[in-house]
Amino acid sequence: MMSINMQKIVTLGLGGLIFLFFAAAPVLLPLVTNPFWVSIAAEILIWSLLAASVNLLLGYTGLLSFGQALYFGVGMYGVAIGVSKFGLGFWPAFGLGIFAGTTMAAITGTLAVRLTWHYFAIITVVFSLIFYFIALTLKSLTGGDDGLAFSLPPMMTWGDWQIGLTDPNVQYYFVFFVVAACFLLMGVVLRSPFGRALVAIRENADRAELVGFNVYLLRLTSFIFAGFLAGTAGALFALFGRYASASYMFYHVSGEAVVWAIVGGAGTLLGPIIGTGLLILIREELSLYWDHYLLLVGAIVILTVRFAPRGIAGFVIDLVAKLPAEHRRKSENRPKKREAAE
Amino acid sequence: MSGSAPVLETRALVKRFGGLAAIDGVDFHLPEAGRLHAVIGPNGAGKTTLFNLVSGRLRPTSGTILFRGEDITKMKPYSIARRGVARTLQIKSVFNALTVFENILTATQAHLATRHFFRPATSFHETTEKAEQIIEELGLQEIAKHTAGTLSYGDVAMLELAIALAAEPSLLLLDEPICGMSPAETQRTVAKIVDLSKRLSVILIEHDMEVVFDVADDITVMAVGQILAQGTPRQIADDPRVREAYLGHDEDDDWDDENIASVPIGADVNG
């Protein structure tokens, strides 16, 4: 139990550091580098939410989804269609995006979570392909290949004065607070009896069912929550880019999120943000000089899976948590040995 | 606990896998609470299939299963578990990544999982106390903080029993609980099972005849999907049909030297 508590402390510390870094990014980054990195930081935050959605399923429920991009894409379209077709304001459109992503997860989830393992992975890909092609076909609604651009409504108007995402700082902190709130929510939910039940299902679904867990309902709820996270990420990304496109529904995007989650650490709350940050950084920097940078990404994935199954976050947490524990054990053992010798 | 309804009753229970009837018309009757009932029989007799039907892991082809008077034939395993039927599996398995305490705490909170999404799991004191009580009852204090995945086989079996008790069952189905245990672990586990059978109904599938005839109040003998005989250990030991089913014809070849002295019918446990 001692080491578990240490893990919690280390997680909190790590979370605090990440929080502070991203909170200070718009001020700090322009001091040391090109200001465009602030918007990369915002992108990392948004995509980390998609990775968190994968993580909730893979790391905490034991379900590998290759289709989370679908709910991301639906979240994007919820916002874009809300603004450009229904003439919604900022908040209702944002809400519609989240709602659309979550609802899509609820609908597809009722079928998907009846399956597990590779069957589950396959059906999630199939769903995202189906809706990807539907979105491509419905040109009048979705813009097809071109996507659907819209002009950003203001967040708030006060007479002549109005505030909105056109202000880069407002945009960054809007993304920051929504993402922070989602991670906080996920952290709280994972500590609840519901969250503990998900871990039980991940560990041993058969046993969980025999103990009295409604495995199907719990998996479905987890899937819907994951859809909510992905949908929120998509809604944020639509507002961030002022457009929606079916290309973000493609399973290629889902696969990237799976890689981010695994490298960062599936089954750790903060893993997704670390993995997403690292790999987007590699993409932004390395792709300029080296066309085949994905080879490096592949190598990183293989090394993580082989040597750090709980990803970078898990590796760091275990390492830091172990140090004081080792120390303590040694000091505890010493007097005992003496007793035994006597 | 219940009034007049029997703890468990199956009526004309049949389970077919393709052409094979694994359970072929079983009328099983467990009248009283608080007894240790053993189910024995050669491999392939349908013992585990019977457990799988009662716990809802398999749907019967036909027939009815009543638990304390309620028809549970078509219920899902979790639903049956919530009503008070707990079971362990032949191949022991727990929640490996969790500590022993967390394993048991999680199990005590099964009924909270779809209701509480925001309150910390550790803040439900009733369930925490319950988990601590089970730890104490089964003598797991020393390994309470160990990760389940690192436990010895015997300890995993004990933890599985602890998890089964977390749901406060009134019927406990144990599938070869002492299989693979050391003699010391066997003794400890058997003592615990006997202890438990004083306050709840236990049905035990076991191949170790020495244990079965030593501790069971009643014994059901199954063979090829049917109930061959039912009675007290004494009656079963004297039953010629049981001798036939277990020993076949050529007794001398099947006798196991170690078992002769203590086992009434000198059964071949490896069937």
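## Overview of chain B

Chain B has eleven helices and eleven strands; helices (H or I, at least four residues) and strands (E, at least two) are DSSP runs, numbered from the N terminus. This is a predicted model, in which local features need pLDDT of at least 70, side-chain atom pairs count only at pLDDT 80 or more, and totals for chains, interfaces and linings use all residues. Residues are numbered from 1 along each chain as its sequence is written, while chains are lettered from A and ligands numbered from 1 in the order in which they are written.

Of the 271 residues of chain B, 46% count as buried. A buried residue has 20 or more other C-beta atoms within 10 Å of its own, the C-beta atoms being placed from the backbone. Among the contacts in chain B with a separation of 6 or more, 66% involve residues 24 or more positions apart; two residues are in contact if their C-beta atoms, placed from the backbone, lie within 7 Å.

## The sheet of chain B

An open sheet of chain B is formed by six strands in the order β7-β8-β9-β4-β10-β11, with mixed pairing. Two strands pair if DSSP finds at least two bridges between them. The edge strands, β7 (85-87) and β11 (226-231) of chain B, each pair on one side only. On average, neighbouring strands of this sheet are turned by 20 degrees against each other, direction ignored.

Strands β4 (residues 36-40) and β9 (residues 201-205) of chain B run parallel and are joined by four bridges. Within this pair, Leu36(B) stands opposite Val202(B) in β9(B). Helix α1 (residues 47-54) of chain B packs on the sheet, where it touches β4, β7, β8 (171-175), β9 and β10 (218-223) of chain B. The direction of this helix makes about 145 degrees with that of β8(B); angles run from 0 to 180 degrees between N-to-C directions, and axes are lines fitted to C-alpha atoms, for helices over the stretch in contact.

## A helix pair in chain A

In chain A, helix α4 (residues 90-112) and helix α5 (residues 117-137) pack at an angle of about 145 degrees, with their axes 10 Å apart. Thr108(A), Leu111(A) and Ala112(A) in α4(A) meet Phe120(A), Ile123(A), Thr124(A) and Phe127(A) in α5(A). The residues of this contact comprise five nonpolar, two polar and no charged. Here Ala, Val, Leu, Ile, Met, Phe, Trp, Tyr, Cys and Pro count as nonpolar, Asp, Glu, Lys and Arg as charged, and the others, Gly among them, as polar.

## Where the chains meet

In chain A, 23 residues are in contact with 32 residues of chain B. Helix α8(A) gives the most to the side of chain A that touches chain B, with six residues.

Terms used. Buried ≥ 20, exposed ≤ 12 C-beta atoms within 10 Å, placed from the backbone.
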